[in-house]
Amino acid sequence: MADIFDVIADGTRRDILQLLRERAEAGGDGTSVSQIVSTLGVSQPTVSKHLKVLREASLVSVREEGQHRYYSLSPAPLDEVDDWLFPFLTSSDDVVGYAPVTLPEPAAHAAEVVGRAAASAKHAVTSVFSKLPGR
């Protein structure tokens, strides 16, 4: 199975996941390949290729009805991403025994850059996760 970070690194796959999430929130019971193609404006072979990767990563489930396949989001594998991001999203107040340290200027600058990146990532991830069903 592919690394979850590799799977979600692709923009088209993220677009598919977001579409499936939005359809689920609207009460949909799965989304057909043709609906994904139409909504995203991507070719059917491209969508099918990305859905295969998402299926193999257990990020989507498929329900077959006759010749039609309906895909739904399965967000559980995203817990690994959440677990990895968690340390970047917690504050020093959440850490037992935290003691501030004075850093040399180059390290302080690097920490500021990383902190800004983490804050930006926190905002993006919080936005995405707040829209997932059951969160």
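Axes are lines fitted to C-alpha atoms, for helices over the stretch in contact (heavy atoms within 4.5 Å), and angles run from 0 to 180 degrees between N-to-C directions. The model is predicted, with local features requiring pLDDT of at least 70 and side-chain atom pairs pLDDT 80 or more, while totals for chains, interfaces and linings use all residues. Residues are numbered from 1 along each chain as its sequence is written, and side-chain values use heavy atoms, without hydrogens and water.

Helices (H or I, at least four residues) and strands (E, at least two) are DSSP runs numbered from the N terminus. Three strands form an open antiparallel sheet in the order 1-3-2; strands pair if DSSP finds at least two bridges between them. Strand 1 (31-32) and strand 2 are the edge strands, each pairing on one side only. Strand 2 is joined to the antiparallel strand 3 by six bridges, and Arg63 stands opposite Tyr70 in strand 3.

Helix 2 lies across strand 1, strand 2 and strand 3, at about 90° to strand 3. Helix 4 lies across strand 2 and strand 3, at about 115° to strand 2.

Helix 4 comprises 13 residues (44-56). Val47, His50, Leu51 and Leu54 of helix 4 are buried (under 20% relative accessible area; exposed is over 50%, partly exposed in between; 1.4 Å probe, protein chains only). They cover an arc of only 105° around the axis, and therefore lie on the same side of helix 4; the arc is that of the directions from the helix axis to the C-beta atoms. The face turned away from this buried side carries the exposed Pro45 and Lys49. Ser58, which follows helix 4, has a positive phi near 60°.

Terms used:
The expected span of a helix is 1.5 Å times one less than its number of residues.
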